[in-house]
Amino acid sequence: MELFKGRKLIIATKHHKERVIAPVLEKAFDVECFVNNTFDTDILGTFSGEVKRELDPLATARKKCLMAMEASNCDLGVASEGSFGPHPSLFFACADDEFLVFIDKKHDLEIIVRELSTETNFNGKSLTSEEELWEFAQVTKFPSHGLILKPSKDDTTEIAKGINAKETLLSTFRYLQSKYGEVYVETDMRAMYNPSRMAVIALAAQKLAEKIQSVCPKCHTPGFGVTDAIAGLPCDLCSMPTATVKTLIYECSNCNYKEERPPSHGKTAEDPTYCDYCNP
């Protein structure tokens with residue numbers, strides 16, 4: 001895209017997210033991505049609790065992006081923010097919910113994507129024995145995925161982060177246990193210590209590139225994307241509406257032009273297995 005070709009783009013991160021974001025954006029838009037190592041994104045919140053995140057994830061990503069752009073005197077930027085917890089619709093499943101925000105001050109553009117994934121090792125637990133520690137480590141993909149140890153869930157006075165070696169994990173646990181009796185272990189959700197999260201961010205980056213490349217048919221502004229989904233795909237047997245998406249609504253943030261398009265599944269009818277009338 002000529003709008004972005006040859007321009008510098010700041011990626012607001014201190015956790016090496018540029019490893020998966022930069023290759024996608026540089027290939028798609030011929031931009032020059034860079035990171036400002038003096039900008040500390042942790043001032044807006046940390047997963048491990050030392051700094052409370054005051055804003056919601058999207059607002060945090062936006063503020064992070066704008067602050068990094070200001071600090072770097074750059075008018076093109078990208079930032080991501082993730083949150084972890086129960087999946088909004090799948091019971092008993094944890095989710096990694098990632099937002100990516102792309103801002104172009106020169107052309108007054110803001111383009112947002114979201115990637116919600118169950119591919120996460122997010123977990124935390126209070127422990128009193130080494131056996132429990134090793135069991136937790138195995139379940140959470142240690143040592144390829146880092147761990148954090150601290151006295152308790154809300155106590156960060158003595159916290160060890162980015163643990164990815166067995167010897168360090170054991171010695172730190174023994175020290176904290178001798179001092180506090182109980183130790184809290186949790187997954188380190190910072191991207192450079194969490195390959196599962198880095199993979200989700202990579203998917204979000206690809207989604208972002210595709211959305212930027214999608215231009216409004218009316219005003220040709222980048223970022224023409226899905227803003228709503230309408231369920232009601234008819235059952236193949238009884239023709240009654242099902243919960244499956246029938247239509248996607250695309251909208252332009254610049255001129256508010258809307259357009260209905262079929263979803264990517266390409267179906268014109270749904271299998272009766274998923275019909276509340278045929279299969280209540």
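Is C275 buried or exposed, and what is its relative accessible area? C275 is buried, at a relative accessible area of 0%. Here, buried means under 20% relative accessible area, exposed means over 50%, and partly exposed lies in between (1.4 Å probe, protein chains only).

## About the model

This is a predicted model: local features need pLDDT of at least 70, side-chain atom pairs count only at pLDDT 80 or more, and totals for chains, interfaces and linings use all residues. Residues are numbered from 1 along each chain as its sequence is written, and side-chain values use heavy atoms, with hydrogens and water left out.

Let's start with strand β1, residues 8-12, where four of the five residues are buried. Helices (H or I, at least four residues) and strands (E, at least two) are DSSP runs, numbered from the N terminus. Two strands pair if DSSP finds at least two bridges between them.

β1 runs parallel to strand β2 (residues 32-34), and three bridges join the two. Within β2, F34 is the bridge partner of I10. To get from β1 to β2 the chain passes through helix α1 (residues 18-29), making a right-handed β-α-β crossover. Right-handed means that, with the strands pointing away from the viewer, the path from the first strand over the helix to the second runs clockwise. β1 also pairs with strand β3 (residues 76-86), again in the parallel sense and over three bridges. There, A12 stands opposite A79.

## Aromatic pairs

The structure holds six aromatic pairs. Rings of Phe, Tyr and Trp (its six-membered ring) pair if their centres lie within 6.5 Å; planes under 30 degrees apart count as stacked, over 60 as edge-to-face and the rest as tilted. One of the pairs is F4 with F102: the ring centres are 5.3 Å apart and the planes stand at 85 degrees, so this pair is edge-to-face. Because F4 lies in the segment before β1 and F102 in strand β4 (residues 94-104), the contact ties together parts that are 98 residues apart in sequence. F4 is buried, with 1% relative accessibility, and F102 is buried too, at 1%. F4 and F102 form one aromatic cluster with F29.

Another pair is F224 with Y257, whose ring centres are 6.0 Å apart and whose planes meet at 25 degrees, so it is stacked. F224 sits in the loop between α5 (195-213) and β10 (225-231), while Y257 sits in the loop between β11 (245-251) and β12 (258-261), 33 residues apart. F224 is buried at 1% relative accessibility, whereas Y257 is partly exposed at 27%.

## Charges over rings

A charge sits over a ring if NZ of Lys or CZ of Arg is within 6 Å of the ring centre and within 35 degrees of the ring normal. R261 lies over the face of Y250, 4.5 Å from the ring centre. The charged end of K8 is placed over the ring of F34, 6.0 Å from its centre.

## Cysteines

How many disulfides does a search of the whole structure find? The search finds zero, where a disulfide is a pair of cysteine sulfur atoms within 2.5 Å. For C255, the nearest cysteine sulfur is that of C216, 3.7 Å away. C255 is partly exposed, at 27% relative accessibility. C275 is in no disulfide either, and its nearest cysteine sulfur, that of C238, is 3.8 Å away.
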